[in-house]
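User: I would like to learn how to read strands and cores in a model. Can you take me through one example?

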Amino acid sequence: MAAEGFFFQAFVYLAAAVVSVPLAKRAGLGSVLGYLIAGVVIGPFAMGLVGEEGSDVMHFAEFGVVMMLFLVGLELEPDRLWRLRGALLGLGGLQVTGTAALALLAALATGLTWQQGLAVGLTLAMSSTAIVLQTLDERGLMKTPAGESAFAVLLFQDLAVIPILAVFPLLAPHGAAVTAHEAAGHATTWVDGLPAWAQTLAVLAAVAAVVVSGRFLVRPAFRAIARTRLREIFTAAALLLVIAIALLMTKVGLSPALGTFLAGVVLATSEYRHELVGDIEPFKGLLLGLFFISVGASIDFHLLAARPGLVVALVAGVMVAKAAVLLGLGTLFRLGPDQNLLTAAALCQVGEFAFVLFAQAAQAGVLPAQLTATLIAVVALSMALTPLALLLVDRALLPRLAVAHAPARAPDTVDEHHPVIIAGFGRFGHIVGRLLKANGVGTTVLDVDADRVELLRKMGLKVFYGDASRHELLHAAGADKARLLVLALDSPERTLELVATARKHFPQLVILARAEDRTDASELMAAGVQHVYRDTLDTSLRMGVDALRLLGHRGYHAHRAARTFRRHDEESVRQIGAVRGDRAAYINLARERIADLERILLADLARGPELHDDGWDVTTLREDVRQATAARAGADGVAAAGGPPHPGRV
Amino acid sequence: MSRVLVLLAHPAFEKSRVNRRLAEAVTGLPGVTVHDLYEAYPDFDVEVPREQELLLAHDVLVVQHPLYWYSTPALVKQWEDLVLEHGWAYGTGATALRGKVWLSAVSSGGREAAYQPDGHNRFTIRQLLAPLEQTARLCGMRFLAPFVVHGTHLLADSEIAAHAASYRRTLEALRDGSLDIEAAQQASRLNADLDALIRPLEASRGR
């Protein structure tokens with residue numbers, strides 16, 4: 001029965017998502033709004049398919065936020081942070097403090113304590129990373145100044161969540177935390193009943209534990225797991241890591257999101273980053289969707305109906321205040337008027353962090369539950385209004401500004417993603433990578449040999465651990481923005497798999513594939529790969545050239561002979577690939593290879609490669625001249641010998 | 001004593017009759033370096049620093065090749081284009097090759113009579129080599145009248161041997177400083193009258 005209930009719930013949630021998200025996207029509203037609307041529709045105030053148990057689902061779905069923060073942390077490479085430091089601290093820092101200060105003033109005016117005002121202000125300062133990044137990305141605005149500054153602000157907010165969460169217990173009135181916990185019936189934590197300073201100490205200790213173990217325990221553990229080359233165990237380990245940290249953080253009374261975010265930051269420089277992103281991403285996507293659905297379902301429409309004026313005023317006030325702060329800062333930081341408006345419109349909502357922070361604040365006893373319920377409705381509405389705000393700016397305000405509104409396309413070199421992805425960095429791929437690097441071409445490298453990845457990273461190369469045939473990993477490596485995909489794997493089967501994946505999901509990628517032998521090569525050609533490189537062809541030919549030279553053949557002749565032979569051989573690979581046709585005719589691959597070899601040898605016998613260098617051959621010319629001379633001697637030698645009948649040799 | 005560098009360029013040396021004999025005649029001579037371009041750079045990937053070092057280490061450059069389409073084989077052009085860099089071989093302050101001697105040694109299928117203003121080919125070999133002459137001039141080098149073996153198709157073995165001996169004698173004279181450089185620059189074909197250009201060894205030593 002319980003199982004049936006679970007299946008019904010799962011059915012309702014998934015169906016709501018599957019129906020409403022594509023509709024919302026089609027309508028240009030973005031997927032987050034789609035989930036929210038789905039939640040409203042199935043929630044207690046519309047169809048009533050999910051009711052009280054919605055809050056349980058919400059708890060479960062909060063794990064999506066936890067995972068999102070882990071991924072956000074993983075994206076925070078130190079050098080990227082450093083590059084953005086100006087916008088990050090200036091724009092981001094002032095946005096958070098400015099917005100919080102405004103909200104604090106408003107809160108004090110309405111009679112809240114300064115602690116409550118601060119908690120509300122800091123929370124409302126957050127914008128929605130999920131909505132903004134997705135919206136900007138969908139509109140192709142990420143590379144514009146507006147996109148860049150929005151990203152910097154969001155990044156600062158993500159970072160600011162850590163101290164904000166740590167500070168909440170200190171904001172609570174004495175003893176309030178404990179009562180709040182008991183009132184909410186929360187699981188007991190290890191720090192219950194401790195004084196506020198001890199709680200803060202415990203938080204710091206837990207944070208230190210996450211950082212230290214992330215650096216010294218997790219990476220070796222992942223290396224050992226990666227060596228087993230079992231994909232599902234790696235996925236399990238990634239999930240285990242996230243869950244373990246979430247558990248630890250809950251036990252010290254902290255947000256699990258904070259802990260996993262930290263773990264993500266610690267692992268951001270690790271070679272397993274892309275693999276972790278690829279593993280967690282699908283879980284995160286689903287759970288986050290679930291989270292947004294439950295937020296939609298939990299919007300208290302009774303409250304809205306009871307005090308519509310208050311809620312509407314709050315939503316408008318918050319959004320206008322946030323936009324005003326951003327507009328002021330944009331002017332201060334010399335953003336163009338159009339970019340400034342876009343940034344302000346993009347960031348004027350309150351983000352999903354608010355749900356987490358409000359929950360935390362209520363739990364810590366900082367804010368009364370009724371206040372947070374109202375504010376959560378405000379947050380959800382402001383999120384829902386973001387696409388509309390952007391639409392307003394886009395359609396109504398920008399045209400009036402009469403500024404050229406063509407987002408400047410940044411050159412490729414500025415792009416965070418490298419133009420080339422190399423899968424497999426063994427004895428084949430590393431030569432390609434080194435040649436490209438020596439010529440200033442950035443490459444993102446994926447490899448499944450944990451020891452090699454470790455070594456190469458020690459040497460300062462940008463190498464990531466991961467099985468490149470998974471499209472999530474390719475995506476994480478920037479396959480949608482890269483230009484070339486170099487496949488230098490030593491397994492023909494996996495190469496073919498990868499070709500299929502890449503051609504399906506990233507059709508713009510030009511593929512250069514390594515093939516083991518001519519059989520592979522013709523299969524790759526059949527799979528649509530234009531650039532195929534047989535493992536040993538060039539080396540064998542070079543060896544052949546040297547053999548010829550050691551036997552006394554001239555270097556230039558041997559060189560040309562090899563080039564000619566190579567053309568002949570490539571042609572025969574193409575032809576044999578076309579002839580072979582029915583693969584079932586061969587019992588196994590080995591037989592097939594023998595058959596191919598037989599064909600090629602027969603072709604050589606019938607018509608070996610011819611070296612066309614008659615231009616330098618004077619035999620016929622000399623014969624001509626001799627005959628002409630003899631004729632002239634006979635006929636009294638009037639005319640000079642005719643022009644050289646053979647070109648070149650004059 | 002001058003050091004002589006022979007740049008040998010023949011894409012089908014294995015089939016050569018005349019150039020091989022010429023090259024053999026000077027290979028191993030003291031003070032003479034024979035550098036086989038097509039053997040060294042079968043892929044046309046000329047190593048510029050190595051070539052420039054070779055040029056610096058020699059005083060006389062002999063460019064030996066068959067005449068193809070009234071010009072050099074392709075690799076010689078590639079060599080010129082890459083090695084004779086601006087700022088090194090020519091241009092402001094470029095002195096690397098200044099005062100050195102350039103001798104083209106060319107074999108041609110046509111007879112000398114055909115390489116005359118009224119002949120079948122309308123120009124003399126020296127005229128046809130004008131681009132090389134001007135190249136040498138621009139690099140501050142002294143361009144000598146070319147050493148030409150004419151009518152290669154009809155040459156008997158003994159005649160080729162005689163040409164090879166003249167070639168060897170020319171390079172030895174260049175090495176020993178006994179070739180009259182001034183007169184050699186004025187001539188039309190260097191090996192038309194070698195005796196007139198080469199001083200007795202004692203005379204040159206006495207200078």
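User: Which residue in β2(B) is the bridge partner of L5(B)?

Analyst: Keep in mind that this model is predicted. For strand pairing, look for bridges, residue by residue. Here T33(B) in β2(B) is the bridge partner of L5(B). The pairing of β1(B) with β2(B), residues 32–36, is parallel and spans 5 bridges.

User: What stands opposite L5(B) in β3(B)?

Analyst: L61(B) does. Strand β3 of chain B covers residues 60–66, and β1(B) pairs with it over 5 bridges, in the parallel sense.

User: Is β1(B) mostly covered or mostly open?

Analyst: Count its buried residues. Strand β1 of chain B, residues 4–8, is mostly covered, with 4 of 5 residues buried.

User: How many residues are in the largest nonpolar core?

Analyst: The largest one here holds 172 residues. L36(A), F70(A), A380(A), I421(A) and A423(A) have the most contacts inside it. Helix α8 of chain A, residues 145–171, gives the largest share, 16 residues. Domain 1 (2–401) and domain 2 (415–606) of chain A each supply at least three residues.

User: Which residues does F70(A) touch, leaving out those up to four places away in sequence?

Analyst: V242(A), T260(A), F261(A), A263(A), G264(A) and I280(A).

Technical notes: Residues are numbered from 1 along each chain as its sequence is written. Chains are lettered from A and ligands numbered from 1 in the order in which they are written. This is a predicted model: local features need pLDDT of at least 70, side-chain atom pairs count only at pLDDT 80 or more; totals for chains, interfaces and linings use all residues. A nonpolar core is a set of buried Ala, Val, Leu, Ile, Met, Phe, Trp, Tyr and Cys residues joined through C-beta atoms within 7 Å. A residue is buried if 20 or more other C-beta atoms lie within 10 Å of its own, exposed if 12 or fewer, and partly exposed in between; C-beta atoms are placed from the backbone. Helices (H or I, at least four residues) and strands (E, at least two) are DSSP runs, numbered from the N terminus. Domain bounds come from an automatic or database domain assignment. Two residues are in contact if their C-beta atoms, placed from the backbone, lie within 7 Å. Two strands pair if DSSP finds at least two bridges between them.
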